[in-house]
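Please view the sequence and the structure first, and then follow the text from one region to the next.

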Amino acid sequence: MARKVPAINASSMADISFLLLIFFLITTSMDVSQGLARRLPQPPDPNQKIEETDINQRNLFVVKINSANQLLVQGQETNISQLRAKAKEFIDNPNNDPNLPVLVTEEIEGLGMVTYTPDHVISVQNDVDTQYQAYLDVQNELVAAYNELRDAFAKKQFGKTYNELEEEEQKLVQKVYPQKISEAEPKNYGSK
């Protein structure tokens with residue numbers, strides 16, 4: 001006659017699995033996704049009448065990315081390697097070009113008399129089929145343009161790079177070079 005095998009008591013298995021799950025959740029590190037730093041506007045008051053804003057076209061730098069990941073900057077096909085230099089020239093307008101943003105000279109407390117382009121705006125528009133990497137490459141080049149201009153201004157004004165400045169000094173530099181990147185809703189531009 002066959003001997004009866006005693007049953008294994010599994011009543012504590014749920015407790016053990018729960019403890020293992022908690023252990024692995026606590027000890028495992030998870031990647032935190034990085035986003036793009038953007039200051040979003042306040043939500044509009046539902047009773048507020050929306051007014052059209054008239055923007056001087058010379059203050060607007062338009063960057064379009066089509067579905068084939070090609071760049072159109074100010075109406076001209078451009079390579080990603082040229083974008084940073086074009087953006088810097090637009091933001092700074094070093095030669096007071098009448099086709100670039102309006103230069104304003106004013107006194108900023110803590111800096112003295114400064115000539116800069118306070119009303120410039122960079123508008124990034126992409127196609128619905130634009131690859132995410134192409135979009136990120138454009139964003140990185142535009143942010144790098146601002147960073148290089150801020151570094152150069154900080155070195156000239158304070159003798160240090162932008163990252164070495166105190167928080168108040170950084171705010172002064174940001175007042176001269178505010179990061180104004182506007183993102184339009186994706187559209188369908190086609191490949192050319």
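This is a predicted model: local features need pLDDT of at least 70, side-chain atom pairs count only at pLDDT 80 or more; totals for chains, interfaces and linings use all residues.

**Overall composition**

The protein contains 4 helices and 7 strands. Read from the N terminus, its elements follow the order α-β-β-β-α-β-β-β-α-α-β. Of the 192 residues in the protein, 29% are buried. Among the contacts between residues at least 6 apart in sequence, 65% join residues at least 24 apart. The protein exposes about 14000 Å², and carbon and sulfur atoms supply 51% of this area.

**Strand β6 and its partners**

Strand β6 pairs with strand β1 (residues 60–65) in the parallel sense, over 6 bridges. Within this pairing, V63 stands opposite V124 in β6. Strand β6 is also joined to strand β7 (residues 181–183) by 3 bridges, and these two strands run parallel. Here I122 stands opposite I181 in β7. As a general point, the side chains in a regular strand alternate between the two faces of the sheet.

**Helix α4**

Helix α4 covers residues 167–176, and its buried residues are E169, Q170, L172, V173 and V176. Why do they lie on the same side of α4? They cover an arc of only 155° around the axis, which places them on the same side of the helix. In general terms, an α-helix has 3.6 residues a turn, so residues three or four places apart point the same way. On the other side of α4, E167 and E168 are exposed.

One of the buried residues of α4, E169, forms a salt bridge with K160, in which the closest N and O atoms are 3.9 Å apart. K160 counts as partly exposed, at 29% relative accessibility.

**The loop between α3 and α4**

N163 lies in the loop between α3 and α4. Is N163 buried or exposed? With a relative accessible area of 67%, N163 is exposed, because this value is over the 50% cut-off. Leaving aside its neighbours within four places in sequence, N163 is in contact with D151 and Q170. The C-alpha atoms of N163 and R150 are separated by 9.4 Å, and these two residues are 13 residues apart along the chain.

A search of the whole structure finds 5 salt bridges. In general, side chains of opposite charge can pair when their charged atoms come close. E148 forms a salt bridge with R84. This pair links distant parts of the chain, since E148 is in helix α3 and R84 is in helix α2 (residues 80–92), 64 residues apart. E148 also meets K88 in a salt bridge. Because E148 lies in helix α3 and K88 in helix α2, this second pair ties together parts that are 60 residues apart in sequence. R84, K88, E141 and E148 are linked in a network of salt bridges.

| Residue | Partner | N to O distance |
|---|---|---|
| E148 | R84 | 2.6 Å |
| E148 | K88 | 2.7 Å |
| E169 | K160 | 3.9 Å |

R84 is partly exposed, with a relative accessible area of 27%. K88 is likewise partly exposed, and its relative accessible area is 27%.

**A nonpolar patch on the surface**

Which residues form a nonpolar patch on the surface? The patch is formed by F18, L21, I22, L25, I26 and M30, which together have about 650 Å² of accessible area. One of them, I22, is found in helix α1 (residues 13–27). I22 is partly exposed, because its relative accessible area of 32% falls between the 20% and 50% cut-offs.

Notes. Residues are numbered from 1 along each chain as its sequence is written. Side-chain values use heavy atoms; hydrogens and water are left out. Buried means under 20% relative accessible area, exposed over 50%, partly exposed in between (1.4 Å probe, protein chains only). The arc is that of the directions from the helix axis to the C-beta atoms. Contact means heavy atoms within 4.5 Å. Two strands pair if DSSP finds at least two bridges between them. Patches are made of residues with over 30% relative accessible area and no salt bridge: like charges are joined within 9 Å, nonpolar side chains (Val, Leu, Ile, Met, Phe, Trp, Tyr) within 5 Å. Accessible areas come from the Shrake-Rupley method with a 1.4 Å probe; for residues, only the protein chains shown count as cover. A salt bridge is a side-chain nitrogen of Lys or Arg within 4 Å of a carboxyl oxygen of Asp or Glu.
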